[in-house]
Amino acid sequence: MIRKFSLCALAVCSVLPGVSAWAADDNYQLEQVLMMSRHNLRAPLADNGSVLGQATSKTWPAWDVPGGHLTTKGGVLEVYMGHYTREWLAQQGLIKAGECPSSDAIYAYANSLQRTVATAQYFITGAFPGCDIPVSHQDEMGTMDPVFNPIITDESEAFNQQALTAMNSASEKLSLKPAFQRLEKIIDYKNSPACKENKQCDLSSGNLNKFSAEKGKEPGVSGPLKVGNSLVDAFTLQYYEGLPMEQVAWGQIKTPEQWKMLSAIKNGYQDTLFTSPEVARDVAAPLVDYIRSLLVDEDKASAPKVTLMVGHDSNIASLLTALDFKDYELPEQNERTPIGGMIQFQRWHDKKNDRELVKVEYVYQSSTQLREATPLSLKTPPKRVTLTMNGCQTDANGFCPWDQFTQVLNKAIQGTPLAAKVAQPAAPVPAAEEKVSTAEQAAMNKAKADQAAADKAAQAKASAEKAAADKAAAEQAAREKAAADKAVKEQALAEKKATGESAKAAEEKRGTEAPKAADDAQKENATTTTPAKAEEPAAP
């Protein structure tokens, strides 16, 4: 299993008070949770010189962080989500309240961009304040980690045509004309640079979108859908950030119905690019395979009890489609994949029937909770929606048999380059040979689990040793600097004292030598006819 470069979590954050809420039936015990989260609140990705600047002549509000970076408020919101999650995990008995979990119990892994790494750090700070839990990511920041990079991997012409057909078909089913007409009025599109310079003056008439599905690149689109997505995304982020309503979309979005109408553009953009089955299974294959490695391939006894993965809305959208989840609704949210929302894959043990189960929930903050920065706890929780998968029979409590879930994961990567990693059924063999093969496989699995545990322990030890070494080096540097400063001061005082004493001695010497010089001069004048000029005393 992949283990990435570690980066320690942020400083201690105070724990918010919370009270008890509904807990699971005593027959069920939570054993493992994997959380696939979208990063929290960021500044708009498009800056004034690109899509946003070209789409309107109006002035956009300034942000205090670069485009695409997590905002300070985004960090606060993620601390709240972390705090709530800690309370919920303790309530279910997976971790102990008030204690730092062991180094192998929690694993945090983020895409290597600022907003995703920072989101994971803030979550860990809120969930485990004062605990040394690293956030793993690939070494090179600012580049997409292959696990989280939703790019096309199939280079065949057949796939390309299939993907383009699916995207165009999805686009044609969108009913966005009223939304684009309202958007044109909000941004005064007829007076925009795009209209004046490029003669692109209409977002709402006809299908002007052009899709692409090139190997090594994300599914793409140019035209009104891309422009509209950037604009609605910017307005949504302004609202979440808490800008005064007269500044959000220049005060021109006034009702929940208008927000819902405009949000359909952003949701439509995501759906056409990432949720067709053909595209989703291809771009999400690395993420599905990684989740398999944690939940299926790694032995439950050595696997982390809690895993946090932080990526993007495209990751969640394609993952849900690749695993064939049924359609869902998120109350009090206009986004299909909200800022800071997470998909929780929960592994439960049914003690009564001695079987493993899975439950999948979408945990997210409502639009109001995001805007008002509502502290979260068991008393004031985020929203939870139970999700269901085709191919995984779910009961009234939202539980699905674990073996069915495993089959869904395996099926999701069939036909992709990663399919070879999934164990295929073996050909029939004699009983004795089968027994040996099973024993060997068990030994291999144990060795793999032991190695994974050893790797993780070594990583945690290395992180701790590095932190201790850095601290010791900093303390030593501070001591050396203090000693050097003291020596400089003492030397300066000594030099000042020596200079003063030297000046005093010189003055006293001049005082005794001056009368003698005068007497000598008088004597010399008496013996010569031409007066001689006495030398002036030297300067001290």
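Modeller: Go ahead. Keep in mind that this is a predicted model.

Colleague: What is the volume of the second largest cavity?

Modeller: The count of cavities of 30 Å³ or more comes to two. The second largest cavity has a volume of about 30 Å³.

Colleague: On to the open space, then. How much space lies in the largest pocket?

Modeller: Its lining takes in 40 residues, with Asp271, Thr275, Asp327, Tyr328 and Arg336 nearest the centre of the pocket. By class, the lining of the largest pocket divides into 15 nonpolar, 15 polar and ten charged. The space in the largest pocket is about 1,000 Å³.

Colleague: Which helix supplies the largest share of the lining of that largest pocket?

Modeller: Helix 8 (256-274), helix 9 (277-283), helix 11 (313-322) and helix 13 (402-412) each give at least two residues to it. With eight residues, the largest share comes from helix 8.

Colleague: Since helix 11 came up, is Ser318 buried or exposed?

Modeller: Ser318 sits in helix 11. Beyond its neighbours within four places in sequence, Ser318 has contacts with Phe274, Ala280, Val283 and Ala284. Its relative accessible area is 1%, and the cut-off for buried is under 20%, so Ser318 counts as buried.

Colleague: Let's zoom out for a second. What percentage of the residues of the chain count as buried?

Modeller: The chain has 14 helices and eleven strands. It exposes about 27,500 Å², with carbon and sulfur atoms supplying 54% of that. Among contacts with a separation of 6 or more, 79% join residues 24 or more positions apart. Of the 540 residues, the share that counts as buried is 44%.

Colleague: Why is helix 7 said to be largely enclosed by the rest of the structure?

Modeller: Helix 7 covers residues 224-241 and reaches 26 Å from its first C-alpha to its last, close to the 26 Å expected at 1.5 Å a residue. The helix is largely enclosed because, of its 18 residues, the number buried is 16.

Colleague: Which residue just after helix 7 takes a positive phi?

Modeller: Most residues other than glycine have a negative phi. The one just after helix 7 is a glycine with a phi of about 95°, and that is Gly242.

Colleague: And in the loop between helix 7 and helix 8, is Met245 buried or partly exposed?

Modeller: Met245 lies in that loop between helix 7 and helix 8. Not counting residues up to four places away in sequence, Met245 touches Tyr239, Gly251, Ile253 and Arg371. Its relative accessibility is 32%, so Met245 counts as partly exposed.

Colleague: What phi does Ala249 have?

Modeller: Ala249 is found in the loop between helix 7 and helix 8. It is buried, with a relative accessible area of 1%. Ala249 is not a glycine, yet its phi is positive, at about 55°.

Colleague: How about helix 2, how far apart are its end C-alpha atoms?

Modeller: Helix 2 (residues 72-91) is largely enclosed by the rest of the structure, as 16 of its 20 residues are buried. After helix 2 comes Gly93, with a positive phi near 80°. At 1.5 Å a residue helix 2 should span 28 Å, which agrees with a distance between its end C-alpha atoms of 29 Å.

Colleague: Last one. What separates the C-alpha atoms of Ala373 and Val76?

Modeller: Ala373 has its place in the loop between helix 12 (367-372) and strand 10 (383-387), and its phi is positive, near 50°, though the residue is other than glycine. Apart from neighbours within four places in sequence, Ala373 is in contact with Lys73, Leu77 and Tyr80. Ala373 and Val76 are 297 residues apart along the chain, and their C-alpha atoms are separated by 7.7 Å.

How values were computed: Residues numbered from 1 in each chain as written. Predicted model: local features only at pLDDT ≥ 70, side-chain atom pairs only at ≥ 80, totals over all residues. Heavy atoms only, no water. 1 Å grid on protein atoms, 1.4 Å probe; cavity = no way out; pocket = protein on both sides within 12 Å on 5 of 7 lines; lining within 4 Å. Points joined across faces, edges and corners; volume = space filled by probe spheres on them. Helix = DSSP H or I, 4+ residues; strand = E, 2+ residues; numbered from the N terminus. Nonpolar A, V, L, I, M, F, W, Y, C, P; charged D, E, K, R; others polar. Buried < 20%, exposed > 50% of the residue type's maximum accessible area, 1.4 Å probe, protein only. Contact = heavy atoms within 4.5 Å. Areas by Shrake-Rupley, 256 points an atom, 1.4 Å probe, with all protein chains shown as cover. Expected span 1.5 Å × (residues − 1).
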